[in-house]
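Please examine the sequence and the three-dimensional structure shown here. A short report on the fold and its ligand sites comes after them.

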Amino acid sequence: MRLFKIRGGVHPEDRKTLSANRPIEDLGLPPLLHIPLQQHIGALATPAVRRGQKVAKGQLLANSQGMISAPVHAPTSGRIVGIGSYPAHHASGLNVRTVSLQADGEDRWSEDIQGTDDPFSLSPEEIAARVAAAGIVGMGGATFPSAVKLNLRKRYRLHTLVINGAECEPYLTCDDRLMREQPEAVLDGARIMARALGVSEILIGIEDNKPEAQAVMEQAAKVIGSVRVAHLPTRYPMGSEKHLVQTVTGRETPARGLTADIGVVVHNPSTALAVHEALRYGRPLVSRVMTVSGGAIRKPGNLRVPLGTPIQHVIDHCGGFTTEPARLVSGGPMMGQPLPSTRIPTVKGANGLLALTEAETSCRETMPCIRCASCVQACPCGLLPVEMVAHARAGDLEGVVKLGLMDCIGCGSCSYVCPSHIPLVQYFNYAKGEMAARGRAKQKQTETRRLIEQRTARMEAIKKAKREAMARRKKEAAEKKSEQTTAEQRAERIVEEAAA
Ligand code: SF4
Ligand code: SF4
């Protein structure tokens, strides 16, 4: 299959052998699970259970809210012991609304759960509705509700579904293992999604550092004519949606546009597996496979983890730490986010849990820029990180935006190659956060102004209505008085005439 070259990229040491050759293991149930109601991009789900209630595995715990949201289901059977705030799976460590569930150890599925023998007989709308009801979100880390993407056929002329099996982040091997161990299920999920999208072509992109996955997926795809496996060159960030699509189709996604603009939708192998489970067996998304790795983990591997499991339970299962980790990361080391504690629960988008040693974190002293342009060569988006960081350091955020901040995918390739160890991507992430905060503040100002204008208009209308009512009452009183006077005058006249 013909592939197209993309610019930039780097070759970080991949360290995948730490976990790649161990089969996926089921993690035992923790006694207590904390299931956040925000495990997706979009509105927080609202609780559908009460404290003390008994629930079965797969039972709805919280309903989605609005167009961009996802419901949340019970990862096992047990009793609800709390609905409140709990630390989020996020670098901030801030609390998020969470349902706490005490497992009863039976792991009993809800009796309401029902799949279908022939998902291909369902309409695209019905498939998307079932995917939405199962709470499936992008499991490569993006956590965008998958049903929203499946419904893109309504607004775009789509022709291809790309399954993103690049898994280009170092250490991560959960998609690799899934494709090697359950290729038919991943393919089935991909074909169901292709039906929902109304596309005839499915491409599965897998990097060359996963030859076993390439081979088994190719073998499984042989029986299905419309599926092809693309052998991608191993280069970070090949798993970036836009770069993957460019590599396999030769077409560039417009700046700040979607891959759907060029007719392509991208999903992850774990998402495809979740769609297969939801459509064939009616099972909502209640667990996921994640890589647990890093130099500080005693037994790295890939585990199927019930969502809401505290990460300490996962670490204990892997034999604990060999040494105190310098950094705990959710996701990969390039784009993942640091985790503040081991109390926090696992979530739908967490594809990796890394406990990195001092040597693995490469926290080296920052030196002055030597204008070597290595960052410019490494940037897959054709940006000028060296210029952008100069503006960011001077606090000139508009200047960074003008240089293309919003096109930066935060891949960290620039930071990785910088010989002066300048944390370029941190500057860009900070600048994006600042811009987003300014945007929110501006939106709030506009909203406040709109509310004030609405209130002023409402008060004016009330005053006007009062004035009009008063004038009406005055007029009515005057008319009544005049009628009374006329009647009295008439009566007087009649009396006078009678007397005469
Ligand atoms: S983090 Fe942004 S600026 Fe740096 S290489 Fe990636 S896309 Fe380019
Ligand atoms: S790689 Fe680092 S030192 Fe080289 S130009 Fe970029 S910021 Fe400067």
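This is a predicted model: local features need pLDDT of at least 70, side-chain atom pairs count only at pLDDT 80 or more; totals for chains, interfaces and linings use all residues.

Residues are numbered from 1 along each chain as its sequence is written, with chains lettered from A and ligands numbered from 1 in the order in which they are written.

## The chain as a whole

The chain contains 14 helices and 17 strands; helices (H or I, at least four residues) and strands (E, at least two) are DSSP runs, numbered from the N terminus. Its radius of gyration is 31 Å, well over the 23 Å that the globule rule gives for 500 residues, so the chain is more spread out than a compact globule. That radius is taken over C-alpha atoms, and the globule rule is 2.2 Å times the number of residues to the power 0.38. Along the principal axes, the C-alpha atoms fill a box of roughly 130 × 60 × 50 Å.

Of the 500 residues, 47% are buried. A residue is buried if 20 or more other C-beta atoms lie within 10 Å of its own, exposed if 12 or fewer, and partly exposed in between, with C-beta atoms placed from the backbone. Among contacts with a separation of 6 or more, 72% join residues 24 or more positions apart; two residues are in contact if their C-beta atoms, placed from the backbone, lie within 7 Å.

One open sheet has four strands in the order 11-10-9-12, with parallel pairing. Two strands pair if DSSP finds at least two bridges between them. The edge strands are strand 11 (227-232) and strand 12 (264-267), each of which pairs on one side only. From one strand to the next, the twist averages 25 degrees. Helix 5 (residues 211-221) packs on this sheet, where it touches strand 9, strand 10 (201-207) and strand 11, and its direction makes about 165 degrees with that of strand 11. Axes are lines fitted to C-alpha atoms, for helices over the stretch in contact, and angles run from 0 to 180 degrees between N-to-C directions. Helix 6 (residues 241-249) lies across strands 9, 10, 11 and 12, at about 115 degrees to strand 9.

Strand 9 (residues 160-165) and strand 12 run parallel and are joined by four bridges. Across this pair, V162 stands opposite V266, and T160 stands opposite V264. Strand 12 is covered on both faces: V264 and V266 on one side, and V265 and H267 on the other, are all buried.

Another open sheet has three strands in the order 3-5-6, with antiparallel pairing. Strand 3 (46-47) and strand 6 (72-73) are its edge strands, each pairing on one side only. Two bridges link strand 3 to strand 5 (residues 60-63) in the antiparallel sense, and P47 has A62 of strand 5 as its bridge partner.

## The ligand shells

A residue is near a molecule if its C-beta atom, placed from the backbone, lies within 6 Å of it. Of the 15 residues around ligand 1, C379, C408, C411, S413 and C414 come nearest. Of the 14 around ligand 2, the nearest are C369, C372, C375, V386 and C418.

| Shell | Nonpolar | Polar | Charged |
|---|---|---|---|
| Ligand 2 | eleven residues | two residues | one residue |

In these classes, Ala, Val, Leu, Ile, Met, Phe, Trp, Tyr, Cys and Pro count as nonpolar, Asp, Glu, Lys and Arg as charged, and the others, Gly among them, as polar. Helix 13 (413-417) and helix 14 (424-499) each supply at least two residues of the shell around ligand 1, and helix 14 gives the most, with three. For ligand 2, helix 10 (374-378) and helix 11 (385-393) each supply at least two shell residues.

## Single residues

R7 lies in the segment before strand 1 (25-26). R7 counts as exposed because it has 12 C-beta neighbours inside 10 Å. Leaving aside residues up to four places away in sequence, R7 touches P380 and G382.

Most residues other than glycine have a negative phi, and most peptide bonds are trans. R256, in the loop between helix 6 and strand 12, has a positive phi of about 55 degrees although it is not a glycine. R371, in the loop between helix 9 (358-361) and helix 10, also has a positive phi of about 55 degrees. The peptide bond from Y236 to P237 is cis, with omega near 0 degrees, and P237 is found in the loop between strand 11 and helix 6.
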